[in-house]
Amino acid sequence: DGEPLAVRIDGTVGAALDRAALDLIACESLVLAAGVHRLDAAPGSGFDVDRLLLAEPASARDDPESVDVSIVSDSATTARAEIGPSPTASWVVLTESWNDGWTARLDGDDLGAPVLINGFANGWLIPAADATRTIELEWTPQHIVTLAVWFSLVAGLGVVALLIASRWRGRDERVLWTADAGEQWPWPPEAAVVWWAATGVVALVFLLVGGVAPAVAVAAVSLTRLRWFTPAVIVGTMAVVTVGVAADQLVNGYPPGPDWPSRFAWTAPYAWTAVAAVAAALLRRSAIPDTERVDR
């Protein structure tokens, strides 16, 4: 409310160096009158205040009556529990970081968006009841993730199928265009124009998505006639990613958590380059089976 409040940080030097959570404690009791109050963290302290918990002294509040809760099933994205009778309305608290992606259904009825509890958790207010009820909690964004996983699986199998089919395609099955006596090429000029146009579109897509390096990879794979070039690009870029992530983790010792992948954003151009090389190789092999001149 515009008045300064002295606080102290409680924790060890080792915990601070390890980027562990430290406690922020008021130097004196804080007395608040009924109503709305504003609490601001002063900038420039060098510490990030993630959560503040204001609590009354234990003697100043009545202990609520406990409600029997029996966990039926529990997973990373869902939970199901049986809630016993309760003479008054009560709160169901899910101790996961608050996010409106969590949903709750009480005996099939939607309880609406979660409420922020204790500065971090998800909570839903359920009415009083004389009978046992069933509550189902679900992380709904997982539906999209699951669809993406299945799409990736199908796409991966499709890539493998294309690679196998391209290996089985015999040289005698190809239709060659005769340029002149004694020379033959694997495609007529109009087909080459279509192929180059498709290659340009693919390069532009990777330029917009991944940057210059993936677009250059598409052009290089399309132009080269060295059989080892494409595997070298794929293996080389992924080796840089693998060794780099392992070395970075070993040196810095990043703690596990949901933000762990964000520490390796530098790997994105390398990963996109490998994907671009695969896409260009598949396009070249499927659209134009053989780019080498054939003499018969």
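Reader: Which residues do ring pairs link into a cluster?

Author: This is a predicted model. Rings pair if their centres lie within 6.5 Å. Such pairs join three residues into a cluster: Y254, W260 and F264.

Reader: How many aromatic pairs does the structure hold?

Author: The count covers rings of Phe, Tyr and Trp. F206 and W272 form one of the pairs. The total for the structure is 6 aromatic pairs.

Reader: Is the pair of F206 and W272 stacked or edge-to-face?

Author: The ring centres are 6.2 Å apart. The planes stand at 70 degrees. Over 60 degrees counts as edge-to-face. The pair is therefore edge-to-face.

Reader: How many residues apart are F206 and W272?

Author: F206 sits in helix α3, residues 189–210. W272 sits in helix α6, residues 268–287. The pair links distant parts of the chain, at a separation of 66 residues.

Reader: Is F206 buried or exposed?

Author: Buried means under 20% relative accessible area. F206 has 10% relative accessibility, so F206 counts as buried.

Reader: And W272, what does it count as?

Author: Partly exposed lies between the buried cut-off of 20% and the exposed cut-off of 50%. The relative accessibility of W272 is 34%, so W272 counts as partly exposed.

Reader: What is the angle between the planes of W266 and Y270?

Author: W266 and Y270 form an aromatic pair with 6.2 Å from centre to centre. W266 is partly exposed at 34% relative accessibility. Y270 is partly exposed at 35%. Their pair is edge-to-face, with the planes at 80 degrees.

Reader: What is the relative accessibility of W124?

Author: W124 lies in strand β9, residues 121–126. Its contacts beyond four places in sequence include W91, W102, L111 and L137. W124 counts as buried, because its relative accessibility is 1%.

Reader: Which residue has its backbone oxygen 3.1 Å from a polar atom of the W124 side chain?

Author: The contacts of W124 include A104, L111, G112 and A113. One of these residues places its backbone oxygen 3.1 Å from a polar side-chain atom of W124: G112.

Reader: How far apart in space are W124 and T103, C-alpha to C-alpha?

Author: T103 is among the residues in contact with W124. The two are 21 residues apart in sequence. From C-alpha to C-alpha, the distance is 9.3 Å.

Reader: What share of the residues of the protein count as buried?

Author: The protein has 6 helices and 12 strands. Its accessible surface comes to about 20,600 Å², with 62% belonging to carbon and sulfur atoms. Of its 296 residues, the buried share is 22%.

Notes:
Residues numbered from 1 in each chain as written. Heavy atoms only, no water. Phe/Tyr/Trp six-rings, centres within 6.5 Å; stacked < 30°, edge-to-face > 60°. Helix = DSSP H or I, 4+ residues; strand = E, 2+ residues; numbered from the N terminus. Buried < 20%, exposed > 50% of the residue type's maximum accessible area, 1.4 Å probe, protein only. Areas by Shrake-Rupley, 256 points an atom, 1.4 Å probe, with all protein chains shown as cover. Contact = heavy atoms within 4.5 Å. Polar contact = N/O pair within 3.5 Å; in protein donor to acceptor, adjacent residues only side chain to side chain.
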